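Hi,

Here is the model I promised to pass on.

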Amino acid sequence: MKRKVAVLGATGIVGQRFVSLLVNHPWFNLALLTGSERSAGKKYTESVKWVLEKPIPEELEDYVLEPLDVDLILREGIDIAFIALPADVAQQIEVELAKRGIVVVSNASPMRMEPDIPLLLPEVNAEHVEVVEYQRARREWSGYIVKVPNCTTAILTLSLKPLVDDFGVKRVIASSMQALSGAGLTGVPSVVILDNLIPYIEGEEEKVESESLKILGRVLGNEIALNTNIVVSASCHRVMVLEGHTIAVFAELEEKATVEEVTRSMELFASNKIRGLNLPTAPSKPIIVRREVDRPQPRLDRLEGGGMSVVVGRIRADKALGGVKYVVLGHNTIRGAAGTGVLIAELLVAKRLA
């Protein structure tokens with residue numbers, strides 16, 4: 001039976017991605033969309049400033065934006081709520097929803113580092129869902145919250161996972177070139193970014209450095225323990241690209257590995273974390289390796305695997321760290337946001353947790 005789902009904050013870029021992925025989803029029935037007080041009661045197609053590459057689906061013609069109201073969400077019998085709200089708004093409502101029995105899949109940053117709240121990238125750490133029962137008991141909630149990682153972190157850690165498994169990783173230096181869509185519809189004025197690069201994104205480096213350790217950590221007792229064997233240093237920058245975050249990665253390995261061994265490790269990576277679950281949004285190849293010297297490129301490679309694959313290229317030896325260096329690209333609003341959120345919800349259904 002299809003789960004009834006809602007998208008809270010359906011008019012922003014991430015909200016639009018959630019809607020586009022859910023409108024004809026085989027496991028989910030998109031039952032409720034919420035917008036701002038100003039847009040509540042209006043038709044979604046008339047209120048949203050649609051900016052995705054494909055036209056707005058015809059199936060959305062009859063959808064009306066509802067106010068952000070917990071009682072309404074409960075009356076509608078929603079099973080899973082996808083959160084695409086600003087952090088300050090999200091924190092309060094997602095806790096209230098979880099208290100009252102809703103499964104919350106949140107793209108908002110608050111509570112990501114709480115040890116009893118999974119920060120999920122299903123191909124990497126699907127076993128972290130084990131802590132949701134402890135979360136329920138500890139917090140006395142009948143529902144629970146799971147979190148979608150920061151977009152840059154999701155792309156980085158997916159590319160690191162085979163290296164962690166096959167060779168061990170001691171140190172990571174990551175320098176990101178992040179797309180404009182990551183800042184939202186009105187986040188970066190054109191007069192600021194045209195002919196320019198912005199070398200600072202508030203809070204981004206801290207998220208990459210801390211969240212990576214949680215995603216690559218393990219369940220210890222009833223909580224998620226950070227991976228203290230790895231040190232991550234990040235420098236994050238906004239560039240004049242519409243969609244697709246590119247990261248230059250430098251990794252020190254615990255075991256020596258040749259460039260070809262690292263390449264094969266990434267090419268052969270097919271996560272055993274979700275194997276056999278047949279999750280509809282999971283790409284057949286989470287990591288795609290390009291051997292051309294000038295790939296990956298955002299315009300050419302961001303939609304690989306429907307935007308759910310990350311693309312790695314320029315794998316080569318790094319003499320400074322005694323490891324490897326490479327470039328990884330991922331679609332920031334699909335793999336880095338809504339796509340991973342939908343994949344998380346599929347995992348929860350497959351595990352009979354939702």
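**Notes on the model**

Leaving aside neighbours within four places in sequence, Leu30 is in contact with Val5, Val7, Val19, Leu22, Val23, Leu60 and Tyr63; contact here means heavy atoms within 4.5 Å. Before going on, the ground rules: this is a predicted model, where local features need pLDDT of at least 70, side-chain atom pairs count only at pLDDT 80 or more, and totals for chains, interfaces and linings use all residues. Residues are numbered from 1 along each chain as its sequence is written, and side-chain values use heavy atoms, with hydrogens and water left out.

**Cores**

Leu30 turns up again in the largest nonpolar core: of its 44 residues, Leu30 and Tyr44 touch the most other members. Two or more residues each come from β1 (3-8), α1, β2 (28-34), β4 (80-83), β5 (103-106), β6 (144-147) and α12. The largest share of this core, 10 residues, is from α12. There is also a second, separate core of 37 residues, with Leu119, Val124, Leu216 and Val324 among them.

For the terms: a nonpolar core is a set of buried Ala, Val, Leu, Ile, Met, Phe, Trp, Tyr and Cys residues joined through side-chain atoms within 4.5 Å. Buried means under 20% relative accessible area, exposed over 50%, and partly exposed in between (1.4 Å probe, protein chains only). Helices (H or I, at least four residues) and strands (E, at least two) are DSSP runs, numbered from the N terminus.

**Sheet and hairpin**

In what order do the strands of the open sheet run? The 6 strands go β3-β2-β1-β4-β5-β6, with parallel pairing (two strands pair if DSSP finds at least two bridges between them). β3 (65-66) and β6 are at the edges with a single partner strand each, so one side of each has no neighbour in the sheet. Inside the sheet order, β4 and β5 pair in the parallel sense over 4 bridges, and Ala81 has Val104 in β5 as its bridge partner.

Elsewhere, β12 and β13 run parallel, joined by 3 bridges, with Ile288 opposite Val311 in β13. β13 then pairs with β14 in the antiparallel sense over 6 bridges, and there Asp318 stands opposite Gly323 in β14. The hairpin of β13 and β14 has 4 residues between the strands, and Gly322 in it takes a positive phi near 70°.

Helix α10 (residues 259-268) has Val262, Thr263, Ser265, Met266 and Glu267 buried. The cover over those buried residues includes α7 (151-166), β11 (245-253), β12 (287-289), β13 (310-318) and β14 (323-330).

**Pockets**

The largest pocket holds about 1200 Å³ of space. Its lining counts 49 residues, of which Val14, Ala84, Leu85, Pro86 and Gly184 lie nearest the centre. At least two lining residues each come from α1 (13-22), α4 (87-99), α9 (204-215) and α12 (334-350), and the largest share, 3 residues, is from α1. By type, the lining of the largest pocket divides into 19 nonpolar, 21 polar and 9 charged.

The second largest pocket has about 350 Å³ of space. It is lined by 18 residues, with Ser20, Leu21, Glu53, Lys54 and Gly306 nearest its centre. Here too α1 gives the largest share, 3 residues.

Grid points are joined across faces, edges and corners, and a volume is the space filled by probe spheres set on the points. Ala, Val, Leu, Ile, Met, Phe, Trp, Tyr, Cys and Pro count as nonpolar, Asp, Glu, Lys and Arg as charged, and the others, Gly among them, as polar.

Most residues other than glycine have a negative phi, and most peptide bonds are trans. The bond from Arg295 to Pro296 is cis, with omega near 10°; Pro296 is in the loop between β12 and α11 (298-301). Arg314, in strand β13, has a positive phi of about 55° although it is not a glycine.

Cheers

Terms used: On a 1 Å grid over the protein atoms alone, a cavity is a set of points where a 1.4 Å probe fits but cannot get out, and a pocket is an open set with protein on both sides within 12 Å along at least five of seven lines; lining residues have an atom within 4 Å of a point.
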